[in-house]
Amino acid sequence: GQVIRLEDYRPTDFAVHHVDLVFRLGSETTEIEARLTLERRAGTDPAAPLVLDGDDLTLTGVWLGDEALAPPRFDATPDRLTLRELPAAGRFQVTIATRLDPAGNTQLMGLYRSGGVWCTQCEAEGFRRITYFLDRPDVLATYRVRVEADRAAAPVLLSNGNPQDAGDLGGGRHFAVWDDPHPKPSYLFALVAGDLDVLTDRFVTASGRDVALAIYTETGLSARAAYAMDALKRSMRWDEARFGREYDLDIFNIVAISDFNMGAMENKGLNVFNHKYVLLDPDTATDGDYAGVETVIAHEYFHNWTGNRITCRDWFQLCLKEGLTVYRDQEFSADERSAAVKRIASVHGLKAQQFPEDQGPLQHPVRPTRYREINNFYTATVYEKGAELVRMIATILGAERFRAGMDLYFARHDGDAATMEDFLACFEEAGGIDLSQFALWYHQAGTPTLTVRERFEDGRLTLGLEQDLQRGAAGTGTQPMHIPVRFGLVSEGGADLVAEPAAGGAEIDGDVIHLTTPSAEIVFEGLAERPLVSVLRGFSAPVTLRFEQRQEDRLRLARLDPDAFSRWRALTDLVGEHLRNASIARAAGESAAFDARIVDAIIASAEDERLEPALRAQMIAMPGEAEIARLVGQNVDPEAVHEAREAALTTLARRGEATFARVHEAPAATGPFSPDAAAVGRRALRNALLLPLSIASGSPDLAHAAFAASDNMTDRLAALTLLAHRFATEARTRSALDAFFERYERDALVIDKWFTLQATAPVPEAVEAAERLIGHPLFQLANPNRARAVIGGLATGNQRAFNRADGAGYRWVADQLVALDRLNPQTAARLATAFRSWRSFEPRRQSLAMEALRSLAARPDLSRDLADIVERTLA
Ligand code: B3K
Ligand code: ZN
């Protein structure tokens with residue numbers, strides 16, 4: 001495949017001012033007419049041809065004005081349309097007719113059918129699967145869309161912007177016309193038509209604009225959109241209050257679709273969602289699902305300003321809209337719920353998803369400079385690390401100057417297709433600060449290591465800081481970066497001490513040390529006692545922290561650091577280190593005892609009344625096997641990791657049984673279902689205790705009782721997962737799984753959970769179980785959620801089975817990828833990233849994984865999407 005390079009960027013020769021689209025939807029074929037109002041840009045070659053992008057298109061006609069054209073005035077292939085002898089100056093119109101087969105479009109890019117619904121997905125390059133176009137984000141046009149369809153099949157006809165006209169066409173057909181006054185790139189185009197139910201509401205903006213809100217769902221399911229609607233209204237209010245951003249159309253529509261490649265899509269005025277992020281009720285969705293809906297609804301809504309009003313100049317700038325919008329949705333959730341709980345969850349996700357990516361073969365800078373397939377760059381690095389970079393800008397500038405920088409960005413670039421440089425320039429100006437060193441975060445790949453040393457004598461504390469990007473940052477530079485290190489000095493009694501820095505090689509601003517050099521020493525004087533050093537509070541920079549801190553200091557911080565995030569971090573780091581050492585010891589045939597003081601610290605946090613229950617649940621959760629493998633780093637034996645984790649769980653369960661039982665049974669821990677944050681926290685804690693309690697008793701009785709008593713999906717699924725993962729061979733487990741299946745057979749989103757919980761059972765035989773699951777009558781490879789539930793469940797949710805010693809996991813996943821790639825390259829490529837950590841395993845597994853990857857790479861018929869991932873993973 002061809003490599004696209006940032007340095008080759010240049011604007012198009014033609015501007016597209018307006019796009020007039022007509023869709024004649026039919027059950028077999030759909031006819032499309034696109035009338036483009038074009039103009040050569042000043043200063044370009046007056047004879048240059050117009051070269052439009054296409055992808056797998058069938059052309060049925062081309063007109064210049066009213067004149068039908070014939071070759072050689074144009075030439076067309078499925079992937080390109082070239083028009084010659086166009087006017088040298090002034091506006092002119094080109095009309096292009098294409099014919100599509102939406103029902104045969106299994107890639108789910110462009111116009112396709114999901115169930116009986118016609119829908120579109122255009123980001124990044126799907127519009128070129130509908131018509132020939134300058135399909136790139138810096139070509140902004142207004143759109144008018146006319147949709148015609150059978151009224152019976154599609155009573156609802158939607159597109160971007162405001163509704164303008166609708167009517168009957170006779171013969172059972174009808175039409176609707178939509179008009180979007182805001183110039184937008186083609187990737188934000190959307191159309192939906194079908195027989196849909198709707199939940200409506202309204203929202204009055206701060207300046208008094210009355211906005212009609214609607215969420216469309218499959219028939220019979222609109223009641224399940226109530227929470228999504230509530231989240232939407234809260235998002236709209238929050239963006240006004242926090243960033244001064246108001247909604248800008250008379251109508252905001254969301255449609256829930258069951259076949260969707262990703263989470264959701266921010267099309268202007270018509271967001272299209274994976275139904276997983278819209279449909280909820282307590283009986284079918286977990287508390288995690290509720291949090292996911294809130295996040296994704298907010299994220300897509302926030303894109304209206306960060307993404308749509310200000311879009312990207314080119315796809316290398318993807319973090320401009322994605323990193324920033326993730327930062328915004330994280331801040332929203334932090335404000336709506338507990339900030340500490342949210343931050344812990346975000347950091348946990350960053351370490352689980354982005355760190356392995358940044359430390360493996362798929363590593364790339366937050367702003368990449370080359371790609372072969374842009375859809376493979378919607379990554380944790382662009383999204384989650386991109387959000388961390390925005391967070392660091394906020395930390396460096398402080399809340400007020402950060403807001404001023406955002407205000408300037410909105411004022412200056414509204415209506416633009418902008419770059420990262422444009423974005424940073426706004427903060428430099430509003431903040432009166434030079435961010436050129438900070439910008440390295442966007443250009444240099446890899447996770448920096450921050451090493452901290454401390455020395456205390458005669459009332460003087462010396463902190464040594466050192467940064468290092470050598471490890472694994474291939475090819476994109478390793479210059480020292482600007483690392484904001486939030487810190488505190490904590491007294492024996494658990495209070496933050498105020499100490500004046502006496503001397504130092506780094507600037508200190510309040511509680512933030514700005515490390516800008518390879519290393520620096522800072523001295524604090526006049527300390528009556530040796531303080532406990534709490535560094536990287538709130539995870540103020542996405543780095544790997546190496547701090548050889550005394551164990552008793554860390555245990556104390558885990559108990560009394562005034563910063564809740566840091567308490568969690570102190571404890572999880574201690575546990576993580578033990579699990580890492582114990583895994584390495586086991587692989588060498590030895591064993592390592594779990595330090596009783598750490599175990600006691602976990603037990604104590606379970607009943608620490610000063611902590612909200614959600615935080616306690618986070619403190620007692622043991623790192624997963626993949627996280628432990630990442631900490632081990634090389635020569636990983638997944639069986640040793642599994643055994644080390646099991647041994648630690650058993651120690652914890654036995655020693656903490658009495659405490660855990662007490663907390664589990666406390667009357668305050670139960671009560672009828674409610675979706676509020678406090679109730680969510682109580683459920684999280686109780687469900688987290690179910691595991692150690694079941695291990696201690698060695699019996700599934702508690703989980704069976706919880707399963708039987710559950711009045712909501714959170715509790716039901718927690719109990720059932722425990723049964724399926726730990727008591728798989730018992731007949732009673734099978735009956736529980738069957739009962740669950742029968743109850744929810746017709747509920748696709750719940751059946752996805754049923755598939756996942758079996759594919760993720762941490763036993764080697766899960767490979768054979770997954771093979772049986774894909775033979776199940778309800779398994780559908782063409783449905784991305786279902787494919788992800790089973791193939792993704794095994795490949796990314798089951799370290800032990802995927803990395804099975806005989807290579808069966810690798811081979812099975814590779815076989816599924818080949819089959820899926822024929823239908824849906826994008827989803828296949830995404831699932832293939834499961835192989836990204838293959839080089840960290842012991843040599844035998846490495847060679848088995850390599851064989852599976854090579855056999856994939858050797859196939860002549862791989863999509864560009866999958867080939868790109870496989871080749872980069874092997875490189
Ligand atoms: N912008 C879309 C993602 C599009 C992915 C294309 N492969 C959803 C989002 O980030 O909000
Ligand atoms: Zn996004």
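Student: Which residue in β16 does Trp-118 stand opposite?

Tutor: In this predicted model, Trp-118 stands opposite Ala-193 in β16.

Student: What makes β11 and β16 a pair?

Tutor: Two strands pair if DSSP finds at least two bridges between them. Strand β11 (residues 117-121) and strand β16 (residues 191-194) are joined by 2 bridges, so they meet that cut-off and count as an antiparallel pair.

Student: Where do β11 and β16 sit in their sheet?

Tutor: The order is β10-β11-β16-β13, an open sheet of 4 strands with antiparallel pairing.

Student: Why are β10 and β13 called edge strands?

Tutor: Each of them, β10 (110-114) and β13 (156-159), pairs on one side only. From one strand to the next, the twist averages 15 degrees.

Student: How do you know that β17 and β18 pair?

Tutor: The cut-off is at least two bridges, and 8 bridges join β17 (residues 197-204) to β18 (residues 210-217), which run antiparallel. Therefore they count as a pair. Within this pair, Arg-202 stands opposite Ala-212 in β18. The two strands form a hairpin with 5 residues between them, and Gly-208 in the turn has a positive phi of about 95 degrees.

Student: Which residues surround ligand 1?

Tutor: Among them are Glu-123, His-299, Glu-300, His-303, Glu-322 and Tyr-378. The elements giving two or more residues to this shell are β20 (264-265) and α2 (287-302).

Student: How many residues of each class are in the shell around ligand 1?

Tutor: The shell has 5 nonpolar, 3 polar and 4 charged residues. At least three residues come from each of domain 2 (203-305) and domain 3 (311-443).

Conventions:
Residues numbered from 1 in each chain as written. Chains lettered and ligands numbered in written order. Predicted model: local features only at pLDDT ≥ 70, side-chain atom pairs only at ≥ 80, totals over all residues. Near = placed C-beta within 6 Å. Nonpolar A, V, L, I, M, F, W, Y, C, P; charged D, E, K, R; others polar. Domains from an automatic or database assignment. Axes fitted to C-alpha atoms, helices over the stretch in contact; angles between N-to-C directions.
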